[in-house]
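Work through the following exercises with the predicted model open beside the sequence. Each task is followed by a solution that goes step by step.

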Amino acid sequence: MKKLAETTKKFPQTEIWNDSCSCKELQYCIDNGGVGATTNPVIVLNVLKDEISDWKSTIEAVIKSMPDSTEDDIAWEIIKKMGSKAGALLLPIFYDTKGKKGRMSLQTNAKYYRCKELLVDHGIDLAATMKNSQIKVPASAAGIEAIEELTYLGICINATISFTVAQALKVAEAVERGIDRRLKEGKSVEEMNPVCTLMAGRLDDHLKNYVTKNNITFDFDVLEWAGVAVVKHAYDIYMKRGYKTKLLVAAFRNAYQWYEMIGADIVLTIPYKWQVQFNESEYIVEKTIDNKVNADYLSKLQSLSEFNKAYDEDGLTINEFEHYGAFKATINGFLQGYDELITIIRAFILDSNNG
């Protein structure tokens, strides 16, 4: 049995998702115990690049059907179609679990990270794309407000561009407020399964860049544990407080980000290349979530103020979320990916106009 399938068989509370809307990659994930999938602008871009021959006729058809639409409108229609096609593979799981699993995450426009109203409106629009949708909203100050509102409206959220314990707690609290508002009005929350992403690998990336930029001599092997330490700390708090929201680990950079989470009531959204590596590894699948991060490693990490901003419950205020280095790097990467996607769409539009 493959290691990821073994993980989910032994510990069904530890969910595996595919970090892509590629149908080929998602099918591999499902075949190995996967029960969900997620996207972002960079993922959509890369899938489109890798599978352009599969999507060429769809893109041309969308352009033809939307003669007066902007490049952005066309791009989002294509994103919806890509998400819907992959999401259809998850529908049997969605129905079998009554909406608890089998969801496809679609990300709101990264350009809206400062505006609650735009995030809510776009979230509503994307949620209508498919029955098993899950809507990704950035964990910025405006995003936290949007998460509460979307939850109140009955839309399952996936908080993203999130790296810190402080963000994870604000997301969970916002979901609780949204759920409480629904319950007070007699509305159902039975099928809701909100998740909060912690981009463990991107936090590792940020800290490595931070020590390099600031000429700090530091053991990079220790930095490989930074994201894991933050996730484990946030997970302990989530379990003690009994939040409705589940944590989700993303942005994989090493095996610890899977192996150290086994047995947790958590979601691991894993890129295809890492799924293959983990499946073929020699790791023994056993409960590891209760394992503590090496005390010496944690002490060294806590010597970095930039790590403490991510690790401490009050490491960042809500208004500081979008100014944290990992947030800035990621939002810029998402926006650049979106701009490149628009460039590809523009080329199709211009070619179609040329006959």
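**Exercise 1.** Describe how helix H6 and helix H7 pack, and what kinds of residues form their contact.

*Solution.* Begin with the axes: helix H6 (residues 116-127) and helix H7 (residues 141-152) pack at an angle of about 40°, and their axes lie 8 Å apart. Because of that angle, H6 is oblique to H7, and the crossing in which H6 passes H7 is right-handed. Next, list the residues that meet: H6 contributes Lys116, Leu119, Val120, Gly123 and Ile124, while H7 contributes Ala142, Gly143, Glu145, Ala146, Glu149 and Leu150. Sorted by kind, the residues of this contact comprise six nonpolar, two polar and three charged.

**Exercise 2.** Is Lys232 buried or exposed, and which backbone oxygen lies 2.9 Å from a polar atom of its side chain?

*Solution.* Locate Lys232 in helix H11 (residues 226-241). Its relative accessibility is 7%, and because buried means under 20%, Lys232 counts as buried. The oxygen in question is that of Asn291, 2.9 Å from a polar atom of the Lys232 side chain. Beyond the neighbours within four places in sequence, Lys232 is in contact with Glu260, Thr288, Ile289, Asp290, Asn291 and Val293.

**Exercise 3.** Determine the burial of Ala234 and identify its contacts beyond four places in sequence.

*Solution.* Ala234 is likewise found in helix H11, and at 0% relative accessibility Ala234 counts as buried. Leaving aside neighbours within four places in sequence, its contacts are Val165, Ala168, Leu198 and Leu247. For Val165, 69 residues apart from Ala234 along the chain, the separation of the two C-alpha atoms is 5.4 Å.

Conventions. Residues are numbered from 1 along each chain as its sequence is written. This is a predicted model: local features need pLDDT of at least 70, side-chain atom pairs count only at pLDDT 80 or more; totals for chains, interfaces and linings use all residues. Side-chain values use heavy atoms; hydrogens and water are left out. Axes are lines fitted to C-alpha atoms, for helices over the stretch in contact, and angles run from 0 to 180 degrees between N-to-C directions. Helices (H or I, at least four residues) and strands (E, at least two) are DSSP runs, numbered from the N terminus. Angles under 35 degrees count as roughly parallel, over 145 as roughly antiparallel, 65 to 115 as roughly perpendicular and the rest as oblique. A crossing is left-handed if the near helix is turned anticlockwise from the far one by less than a right angle, and right-handed if clockwise. Contact means heavy atoms within 4.5 Å. Ala, Val, Leu, Ile, Met, Phe, Trp, Tyr, Cys and Pro count as nonpolar, Asp, Glu, Lys and Arg as charged, and the others, Gly among them, as polar. Buried means under 20% relative accessible area, exposed over 50%, partly exposed in between (1.4 Å probe, protein chains only). A polar contact is a pair of N or O atoms within 3.5 Å; within protein, one must be able to donate a hydrogen and the other to accept it, and residues adjacent in sequence count only if both atoms are side-chain atoms.
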